[in-house]
Amino acid sequence: MSQAAPIASDSPVVDLRRPHPRFIERVPIHFARQHALLGVESERKSVVLVACADLKSRSVIDNLALTLGLETRPMVVDRDALQAAINAAYAAQDVDVGRLLVDLNGHGESHAEPLQFEGDLLDRQSRAPVIELVNMVLFEAIQRRASDVHVHPRVEDLLLRLRIDGVLMDYKIVPKHVQEEITSRIKVLGGMDIAEKRLPQDGRATVRIGSRTIDLRIASLPTAYGERVVVRILDKGARLYSLDELGMPAAMLPQFASLIGRAHGIFLMTGPTGSGKSTTLYAALQKIDYRALNVVTLEDPIEYDLPGISQTQINTRKGLTFAAGLRSLLRQDPDVIMVGEIRDQETARLAIQSALTGHLVLSTLHTNDSVGAVARMLDLGLEPYLVADALLGVGAQRLVRLVCPACATAQPLASEQRQALPFDRAVSEYRRGQGCDSCSGTGFRGRVALFELLVVDEAVRALIHQRAPASALRDCARRSGMRSLRAAGAALVASGRTTPDEVLRVTHADDGVSEERTDAGLRL
């Protein structure tokens with residue numbers, strides 16, 4: 001009978017990076033965590049080294065020998081290192097979504113149950129097929145750095161899509177007969193009403209992958225072929241970036257730092273959803289001395305935890321809007337206020353008034369470029385003199401995909417590409433990824449930000465007072481040294497980090513003609 005062997009004096013060093021596959025397959029993660037155990041490969045195939053924090057679980061280790069059908073040998077290791085190794089071992093499991101789809105195709109109906117979420121996505125034991133499928137899709141989406149999961153009902157099937165590096169890609173096709181149960185399962189996670197299928201709903205959930213906490217924002221919408229569901233993924237464990245790490249040009253960085261170091265005024269970041277505006281503002285907040293200043297935020301959602309800063313979550317259902325929250329924050333004696341987004345006239349007016357009464361206000365707007373933010377504030381009904389006096393500057397940004405370094409090759413630059421991009425030097429070629437396992441066949445891996453910075457100086461301020469058109473503001477800013485988003489992208493193409501098509505996809509022409517973002521229907 002297999003049993004646990006005693007610890008010998010010549011005990012080998014345990015390599016926690018080599019978990020035993022049979023242990024991972026047969027032992028649920030919640031059991032491994034509870035008893036602080038991890039099976040590790042040894043030189044002998046018939047022996048499993050069981051890393052443990054202490055020997056109090058000796059009887060459990062003896063039972064593991066029966067479960068594994070192998071001899072177990074306990075080895076005492078550091079508890080913190082062990083817990084980290086347990087999370088890493090289960091996170092490295094292969095996600096076999098295809099196997100689940102085959103299983104579901106073989107049944108007339110699935111066996112999903114509307115259970116509340118328990119445990120984390122790494123625990124795949126004793127789950128009904130649809131529950132396991134949803135967990136595994138979410139797990140793989142997070143592993144692939146996806147920002148959104150789209151559940152798209154069609155006439156004959158259900159299409160699952162992932163947005164990776166800002167581009168929407170087809171992921172899996174699911175049988176039509178499990179559509180209702182998949183959408184119901186996701187709605188259960190979000191605390192939504194599974195019986196209500198005729199009206200749009202919003203929900204939230206928090207899941208775990210080992211030590212990582214992931215927030216999910218879930219939105220459903222009735223369509224002709226069933227409910228469409230989108231899950232926004234927010235990784236609470238993602239690290240904060242400093243200003244130096246954002247990729248801001250060296251000439252722009254001191255200008256930006258100077259603007260956010262002012263005692264009062266308003267600074268705006270602009271760009272479409274998912275362009276990294278909040279990440280930039282979080283980096284800016286880290287430069288502010290929260291020990292000497294009272295820094296408060298209004299966010300929807302709170303994406304990162306900032307030490308020393310009071311952060312408030314917007315809750316429109318309870319009446320806590322940006323405008324209502326801002327009025328309350330002004331009674332908290334703030335020095336610096338970050339407002340997640342200016343969406344309406346009331347919030348815009350309160351933000352401007354706060355900036356004029358001795359507060360530094362940071363916020364975001366959805367406009368095509370930095371100059372467009374001025375027109376948007378005026379369109380919201382604000383008087384030009386208020387905007388001109390309060391506005392310190394406006395930053396605009398986009399995220400472009402980086403060429404995969406594992407499969408990039410040189411390509412000749414076409415004449416139309418050379419004409420479309422404002423290169424500051426002669427460029428004859430660029431680098432483009434051919435597609436490989438490292439980048440899931442897309443040719444891209446990771447993203448970097450393009451920046452544009454409008455500094456409101458006396459010349460720009462005078463034009464705002466006059467309600468000058470955007471073209472006049474843009475020309476004035478360029479004479480002062482402002483570089484457009486497309487010019488910033490051209491510099492990245494010249495350095496071999498991205499492609500001309502990628503820059504043209506996310507930026508608009510420098511003459512102010514806007515272009516809508518397009519989602520390439522790429523297949524993984």
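**View 1. Arg467 in the loop between α15 (458-465) and α16 (470-479)**. Arg467 is found in this loop, the helices (H or I, at least four residues) and strands (E, at least two) being DSSP runs numbered from the N terminus. The structure is a predicted model, in which local features need pLDDT of at least 70, side-chain atom pairs count only at pLDDT 80 or more, and totals for chains, interfaces and linings use all residues. Residues are numbered from 1 along each chain as its sequence is written, and side-chain values use heavy atoms, with hydrogens and water left out. Although Arg467 is not a glycine, its phi is positive, about 55 degrees. Arg467 is exposed, with a relative accessible area of 51% (buried means under 20%, exposed over 50%, partly exposed in between; 1.4 Å probe, protein chains only).

**View 2. Ala36 in the loop between α2 (29-35) and β1 (37-41)**. Ala36, a residue other than glycine, has a positive phi near 50 degrees. Ala36 is buried, with a relative accessible area of 3%.

**View 3. The cis peptide bond from Asp300 to Pro301**. Omega of this bond is near 0 degrees. Pro301 lies in the loop between β11 (295-299) and β12 (310-313). Most peptide bonds are trans.

**View 4. Strand β9 (residues 226-235) and its pairing with β4 (residues 146-153)**. The two strands are antiparallel and share four bridges; two strands pair if DSSP finds at least two bridges between them. Val149 has Val231 of β9 as its bridge partner.

**View 5. The hairpin from β8 to β9**. Two residues join these strands. Strand β8 (residues 212-223) pairs with β9 in the antiparallel sense over ten bridges, and Asp215 is bridged to Leu234 in β9.
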